[in-house]
Amino acid sequence: MSEVINGLLYSEEHEWVQTLEGDTVRIGITEFAQHQLGDIVFVELPEVGTDINSDDSIGTIESVKTVSDLFAPVSGTIVSVNEKLQDEPELVNASPYGDGWMIEVKLSGDYKAALAKLLDADAYRAHTEE
């Protein structure tokens with residue numbers, strides 16, 4: 001069974017969301033997702049300053065098996081991108097909840113409403129067991 005961390009929020013598309021200071025969140029893909037993809041060989045992420053909408057495709061992740069779209073679990077403006085992933089995409093496999101994070105987003109609109117549609121750890125565990 002893949003690790004699911006309590007205290008994070010999750011999307012049904014297998015992204016995790018960590019609340020940071022203010023109305024900023026950090027986003028990555030879950031251990032479940034990276035395990036399904038296999039060895040990650042390339043990550044394409046949007047640029048800092050890009051406005052994103054929830055459920056939009058915001059980049060791609062390429063593994064030895066396939067290429068998959070990354071979807072935005074929230075709406076806002078990208079304030080940081082994990083530049084390490086350009087040279088070390090394997091960080092997504094080694095540390096999906098740590099060094100393998102992907103982007104940080106300053107949320108737009110109602111912060112609580114944006115996060116309310118995401119799953120808590122227990123709901124995400126149930127989702128991955130379906």
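Biologist: With which residue does Asp122 form a salt bridge?
Modeller: Asp122 pairs with Arg125, their closest N and O atoms being 2.8 Å apart. A salt bridge here is a side-chain nitrogen of Lys or Arg within 4 Å of a carboxyl oxygen of Asp or Glu. This is a predicted model, in which local features need pLDDT of at least 70 and side-chain atom pairs count only at pLDDT 80 or more, whereas totals for chains, interfaces and linings use all residues. Residues are numbered from 1 along each chain as its sequence is written, and side-chain values use heavy atoms, with hydrogens and water left out.

Biologist: How far apart are Asp122 and Arg125 in helix α5?
Modeller: They are three residues apart in α5 (residues 121–129), so about one helical turn separates them. Helices (H or I, at least four residues) and strands (E, at least two) are DSSP runs, numbered from the N terminus.

Biologist: Is Asp122 buried or exposed?
Modeller: Asp122 is exposed, at 53% relative accessible area. Buried means under 20%, exposed over 50%, and partly exposed in between (1.4 Å probe, protein chains only).

Biologist: How many salt bridges are there by this rule?
Modeller: The count is three. One of them joins Glu104 to Arg26, with 2.4 Å between the closest N and O atoms. Glu104 is in strand β9 and Arg26 in strand β3, so this pair ties together parts 78 residues apart in sequence. Glu104 is buried at 12% relative accessibility, while Arg26 is partly exposed at 23%.

Biologist: And which residue does Asp23 meet in a salt bridge?
Modeller: Asp23 meets Lys106 (2.9 Å, N to O). Asp23 lies in the loop between β2 (15–19) and β3, and Lys106 in strand β9, so parts 83 residues apart in sequence are tied together.

Biologist: Changing topic, which residues have the most contacts inside the largest nonpolar core?
Modeller: Ile61, Met102, Ile103 and Val105 do, in a core of 28 residues. Such a core is a set of buried Ala, Val, Leu, Ile, Met, Phe, Trp, Tyr and Cys residues joined through side-chain atoms within 4.5 Å. Among the elements giving two or more residues to this core are β4, β6 and β9 (103–107).

Biologist: How many residues of strand β6 are buried?
Modeller: Five of the seven residues in β6 (residues 57–63) are buried.

Biologist: What does β6 pair with?
Modeller: Strand β4 (residues 40–44) runs antiparallel to β6 and is joined to it by four bridges, with Val43 opposite Ile61. Strand β7 (residues 67–71) also pairs with β6 in the antiparallel sense, over five bridges. Pairing requires at least two DSSP bridges between the strands.
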